[in-house]
Amino acid sequence: MVLEKLGSVLRKTTDKIANAVFLDKNLVDGIVKDLQRSLIEADVNVGLVMELSKKIKQAAVDERLKGVEKKEHIIKLLHDEIVMILGKKRDLVLGKWDVFLLVGLYGAGKTTTIGKLATYYSKRGKKVCAVGLDVHRPAAPEQLKQICDKAKIDCFIDAGEKDPLKIWKKFENEFKKYSLVIVDSAGRDALDKELISEIKKIAKVVKATESFLVMQADIGQAAKEQARAFKDAAGVTGVIITRMDSTAKAGGALTACAEVEAPVVFIGTGETPADLETFDPESFLSRLLGMGDLKTLMEKIHSVMDEKEIQRQQEKLQSGKFTLRDLQTQLEGMEGLGSMDKVLGMIPGLGKVKDKIGEGALEGQQAKVKKWKHAINSMTEEEIENPEILEKQTSRIQRIAKGAGCSTSDIRMLIKQWKMLKEMIKSQGAMIGGKMDQKMIMKLARKFGRKMRM
Ligand SMILES: Nc1nc2c(ncn2[C@@H]2O[C@H](COP(=O)(O)OP(=O)(O)O)[C@@H](O)[C@H]2O)c(=O)[nH]1
Ligand SMILES: [Mg+2]
């Protein structure tokens, strides 16, 4: 997929938002600029790009949202807006008997796509055949036959016949043996009256259950006019975009179809029969971003947090206190999210980090978290509430280390990290007017976990 560059910019953008200590105007402006450049490079309509930019900038200055909530909101907004400009998903529901009619201009990839669709539906239990109604190009029947042979499906052609409807009639009885008949049609250089009338005639006679417009991704935003015209004049029900593998402008073709509400149902990603994928904007974006499902992560972050606990934490923090007990709660919250590598996989951008650190290091991190928990459990209430007393008394540290089954340097590290975190919270708290919630601390806790590893 040649939209990789856009994917990497989107990933970086999400990362920058998630990791920003404070979302100030400069940062947001920079992010929006990068985003604009890469979307326009991917051939997305400038108007759509400007709208998206405006929404993000507005959200960034929205006073009703603070801290993590605001970051989450912006990331989600970005995600949802891009899914929207990519279009709506249309699920194809096939019956006992279906006829697909493929239409489009010369060289769009109709005949090649027949081999792909045949392969796709054969695998899903359909008995598929193809019929060649491209009577304009002399080599067309032979090309279709070769493609069908490769895909191992039956093919009906008549190279001598110049009337497509007669070809259909000739084989009509044969088609009853199949559950999906895919019809190849003749293209033109442009959508003219002759082509419209031919498509309509064929669709009526073959009783097409779906008429698919095939277009190559290279045409970019020009796909808009074509999709609109074929949809309005020839009753096209879905679009198949081919050559998604060979052009950076694929974003133009996809978003253009969305603009005229011509749903993209499949994308072609190569020349072999296996190079076909159903199109779903949501999973397309997820893949582009190369990360786990953003929504799942956000839902999980919310679900592991108890409202009362948030309240308690907030009050505590406002009074300027952050004890080891609070740290313990955070660690438990992180555990509630699942294993560390799973969590990392779900945090935008960290999926990559995960690969870089490798599994061993992650296990090490998990082991550390476990050790800290044991250590905190081996402390007295007094020590948990006022960890400062530990720094002065080596005997206490020795006792805790023994109880928790770890070394004294582990305990010193824990205290050091707790102090760091406390400082971070204090400075962040001051910055956002003393308002601080557990989500923010969790984010910080994660950040500080990362600092330790690298
Ligand atoms: N790279 C790539 N090439 C494709 C794809 N789909 C079709 N093609 C190529 O595009 C050219 C035209 O395809 P064809 O099926 O003959 O177009 P038609 O005139 O619409 O029937 C052929 O060389 C195909 O191999 C695709 O998804 N990726
Ligand atoms: Mg053809």
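A residue is called buried when its relative accessible area is under 20%, exposed when that area is over 50%, and partly exposed in between, using a 1.4 Å probe and protein chains only. The structure is a predicted model, in which local features need pLDDT of at least 70, side-chain atom pairs count only at pLDDT 80 or more, and totals for chains, interfaces and linings use all residues. Residues are numbered from 1 along each chain as its sequence is written, chains are lettered from A and ligands numbered from 1 in the order in which they are written, and side-chain values use heavy atoms, with hydrogens and water left out.

**Exercise 1. The surroundings of R188**

Locate R188, decide whether it is buried or exposed, and list its partners.

*Solution.* Step 1: R188 lies in the loop between strand 4 (180-185) and helix 8 (193-206). Step 2: R188 has a relative accessible area of 6%, so it is buried. Step 3: contact means heavy atoms within 4.5 Å. With neighbours within four places in sequence left aside, R188 is in contact with G104, L105, Y106, H136, E194, L195 and E198. Step 4: the side chains of R188 and E198 are also joined by a polar contact of 2.9 Å (a pair of N or O atoms within 3.5 Å; within protein, one must be able to donate a hydrogen and the other to accept it, and residues adjacent in sequence count only if both atoms are side-chain atoms).

**Exercise 2. The shell around ligand 1**

Describe the residues that surround ligand 1.

*Solution.* Step 1: 18 residues surround ligand 1, and the closest are K110, T111, T112, D245 and E271 (a residue is near if one of its heavy atoms lies within 4 Å). Step 2: helix 5 (residues 110-123) gives the most to this shell, with 4 residues. A polar side-chain atom of D245 lies 2.8 Å from a nitrogen atom of ligand 1.

Key:
Helix = DSSP H or I, 4+ residues; strand = E, 2+ residues; numbered from the N terminus.
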